[in-house]
Amino acid sequence: MIALMYLDGRIPTIELSGVEKRFATPSGDVEALRGVDLRIDSGEIFGIIGKSGAGKSTLARCINLLERPTAGRVTVAGRDLTALGPSALREARREIGMVFQHFNLLSSRTASRNVALPLELAGWRPAQIAARVSEILAFVDLLGQRDRYPAQLSGGQKQRVGIARALASHPSVLLCDEATSALDPQTTASILALLKRINREFGLTILVITHEMGVVSSLCDRIAVIEDGLVVEQGPVAELFARPQSATTRDFVTALEGMGDVTRTLRVAR
Amino acid sequence: MSHELFALLAESFEQTLVMVGVALAISTAAGIPLGVILHATAPRQLLPNAAIYRILGTVVNATRSTPFIILMVALIPLTRVIVGTSIGTPAAIVPLTIAATPFIARIVEAALRDVDQGLVEAAQAMGATPLQIVAKVLLPEALPAVVAGLTLAAVAMIGYSAMAGAVGGGGLGDLAIRYGYERFRVDVMAATVAILIALVQFVQSGGDILVRRIRHA
């Protein structure tokens, strides 16, 4: 299917329109998303930031329909996922590589066999799988650890396996759900650098969902701030930081400035 | 130990091994798919199906709540149909298998339920079909727990097989009752119990070693 071209000439990779998600609970319905509109362009690094409970994770899971929206449309690489049947949806999900906070690696498989999993699922031939796995493990600098089990890897190494696995089947989008939230600051920095390199070298669109301001400020081109199930603000990172409109954005900017002060203090002390 | 006693013990030991071994193999082959279906059809799982889940669950629970000695007698007509006789070691395999299958199914179901839901989601995000999720994610990840559970089942079945003497099934338990108890042969009783203890120890240690070898966590 041919992707729609917009007036500004950009090709949207992900488009959400009017996405709502309600969960039925014993104490009544909970509205996690209340009409989210977003457009993520091809080749950009887009950040979705919000506090816990704002609806970030639900939004992430609505993009590959791990969670089916109650209303609205989700278009990825030109295909309306909400309109697809089970088998077409499985096919379409291969366009979206997903990276998880807790890595979600199979403990029964070595690093290389974890990376091979999506290719096995897609029916690749063993020789093709072996070649692709070596190529992608070399890219994330894990060839030396290929025969180790997840339990024998550090957090940063596990996440690099997770990223290699997400990249293996040549997706058009990388969806990172709190991908650095379980990592220490130094490891976070190395993972962010890797994501940047992936964006630069493959031109891959990356969507980052996080509650960490440092992540979006150092990585993203544009961001959307989500609050109480709604996008309250969106735009280029520098613009939003200079003139924060919503309370959530102001809180995040203040927190980031606080961190800057700490960094400065540390530098002075040294 | 007399030559005659040694021959008796050897024959009974072999009968116990055959009974438990064959019954364990068949009930594992049947219990794993049954456990997978129980897990997959449970609410909020891969293929939720309230009707299948409830019917299978009820059958499994009913079989498990029937005392083995009663199950064995109740199954005599079925045993006759399957093996042609209701007496002897092959006949004892039938009730033993039918008693062990639901037990193993529940062990498999619990082991699959304990697999991190995040792994299932990761596979779904990769476009895996429910069958692929079972084959490539759930069963391999649950394997150490399944093997530990099968060890448990094997030990329980060694205990149950002793009751098979009631249908003339032979085995060590039968020997202990006929010679050790009814003929007051303390030496037979002691030897039988010693062999059973050694057998259970062997099975348990073997299972533990296997679990340690396949668990990479």
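Hi everyone, let's start with B:Glu109, which counts as buried at 3% relative accessibility. Here buried means under 20% relative accessible area, exposed means over 50%, and partly exposed is in between, with a 1.4 Å probe and protein chains only.

A word on the ground rules. This is a predicted model, where local features need pLDDT of at least 70 and side-chain atom pairs count only at pLDDT 80 or more, while totals for chains, interfaces and linings use all residues. Side-chain values use heavy atoms, with hydrogens and water left out, residues are numbered from 1 along each chain as its sequence is written, and chains are lettered from A and ligands numbered from 1 in the order in which they are written.

Back to B:Glu109: what does this residue form with B:Arg113? The two form a salt bridge, their closest N and O atoms being 3.9 Å apart. By salt bridge I mean a side-chain nitrogen of Lys or Arg within 4 Å of a carboxyl oxygen of Asp or Glu. Both residues sit in helix α5 of chain B (residues 89–113), four residues apart, or about one helical turn. Helices (H or I, at least four residues) and strands (E, at least two) are DSSP runs, numbered from the N terminus.

How many salt bridges are there over all chains? The search of the whole structure finds 17. Take A:Lys51 and A:Asp251, whose closest N and O atoms are 2.7 Å apart. A:Lys51 lies in the loop between β3 (45–49) and α1 (56–63) of chain A, and A:Asp251 lies in helix α9 (residues 247–269), so this pair ties together parts that are 200 residues apart in sequence. A:Lys51 is partly exposed at 38%, and A:Asp251 is partly exposed at 40%.

Next, A:Glu120 pairs with A:Arg109 in a salt bridge, at 2.9 Å between the closest N and O atoms. A:Glu120 is in helix α3 (residues 111–121) and A:Arg109 in the loop between β6 (96–99) and α3 of chain A, so parts eleven residues apart in sequence are tied together. A:Arg109 is buried, at 5% relative accessibility.

Now for the backbone. Most residues other than glycine have a negative phi. A:Ala77, though, has a positive phi near 50 degrees. You'll find A:Ala77 in the loop between β4 (71–76) and β5 (79–80) of chain A, partly exposed at 31%.

And is A:Phe103 buried or exposed? A:Phe103 is buried, with a relative accessible area of 12%. This residue has a positive phi of about 65 degrees and is found in the loop between β6 and α3 of chain A.
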